[in-house]
Amino acid sequence: DGIRDIGVTGVQTCALPIFIIKWLEPVNLWNKALDLLSRREHSVFELRTKLKKFSENASELEDTIKRLKDSNFLNDKKFSESFVRSKSQSGYGPNYIEQYLRKKGVNSSDYDIYGYDIDWAAICHELYLRKSKGKELNHKEKEKILRFLAYRGFSYEIIKNAQKDIE
């Protein structure tokens with residue numbers, strides 16, 4: 001029924017919703033880590049940060065991280081490849097993606113942003129076309145699109161090449 005009566009000797013009993021009881025129970029870090037990883041890939045740094053909320057015991061946390069790495073459930077290379085592919089398909093450029101990976105604690109030796117056979121120029125070109133809507137642009141509108149593409153993480157060279165291809 002979603003409610004459990006907890007009785008403690010010498011204390012008046014009360015009915016608490018099960019989700020509160022589960023919140024009060026100690027967390028098994030291994031199960032919590034698998035729960036988080038079942039939703040999406042995580043970097044080691046990111047998962048460690050999330051799991052710290054559930055345990056004060058640093059050695060238990062490090063043992064769990066080591067077990068996850070040994071079982072290949074947690075891998076920065078796998079995370080970075082998945083992330084690069086996902087964000088590039090969403091229209092983000094290499095600079096944005098690299099900055100995000102650094103923020104998530106992924107070492108640059110764990111990924112090669114240009115080694116995943118992603119055509120950054122084509123992605124930038126498509127975004128430029130989508131933003132320009134196929135119409136003739138004045139200087140102010142072109143600058144606005146260039147700022148947008150730079151914000152999305154494309155380098156000046158990629159943006160200029162996309163602009164040349166369209167004009």
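In which helix is S80 found?

## Basis of the model

This is a predicted model, in which local features need pLDDT of at least 70 and side-chain atom pairs count only at pLDDT 80 or more, while totals for chains, interfaces and linings use all residues. Residues are numbered from 1 along each chain as its sequence is written, and side-chain values use heavy atoms, with hydrogens and water left out.

S80 is found in helix α5, where helices are DSSP runs of H or I with at least four residues, numbered from the N terminus. With 0% relative accessibility, S80 counts as buried, a term that means under 20% relative accessible area, as against over 50% for exposed and in between for partly exposed, with a 1.4 Å probe and protein chains only. Leaving aside neighbours within four places in sequence, S80 is in contact (heavy atoms within 4.5 Å) with L101, V106, D110, Y111 and Y116.

S88 also has its place in α5, which covers residues 76-89, and at 6% relative accessibility S88 counts as buried. Not counting residues up to four places away in sequence, S88 touches I97, I118, W120 and I123.

## Nonpolar cores

A nonpolar core is a set of buried Ala, Val, Leu, Ile, Met, Phe, Trp, Tyr and Cys residues joined through side-chain atoms within 4.5 Å. The largest one has 24 residues, and those with the most contacts inside it are V84, I97, L101, W120, C124, L149 and F154. Helices α5, α6 (94-103), α7, α8 and α9 each supply at least two residues of this core, and α7 gives the most, with five residues.

I97, when its neighbours within four places in sequence are left aside, is in contact with F83, V84, K87, S88, Y92, I113 and W120. Another core, of 12 residues, lies apart from the largest one and has L29, A33, L51 and I65 among its members.

## Helix α8

Helix α8 (residues 139-151) has 13 residues and reaches 18 Å from its first C-alpha to its last, close to the 18 Å expected at 1.5 Å a residue, the expected span being 1.5 Å times one less than the number of residues. In α8, I145, L146 and L149 are buried; seen down the helix axis, the buried residues fall within an arc of 100°, so they line one face of α8, the arc being that of the directions from the axis to the C-beta atoms. What covers these buried residues includes α7 (120-132) and α9 (156-166), whereas K140, K144, R147 and Y151, on the other side of α8, are exposed.

After α8 comes G153, whose phi is positive, near 100°.
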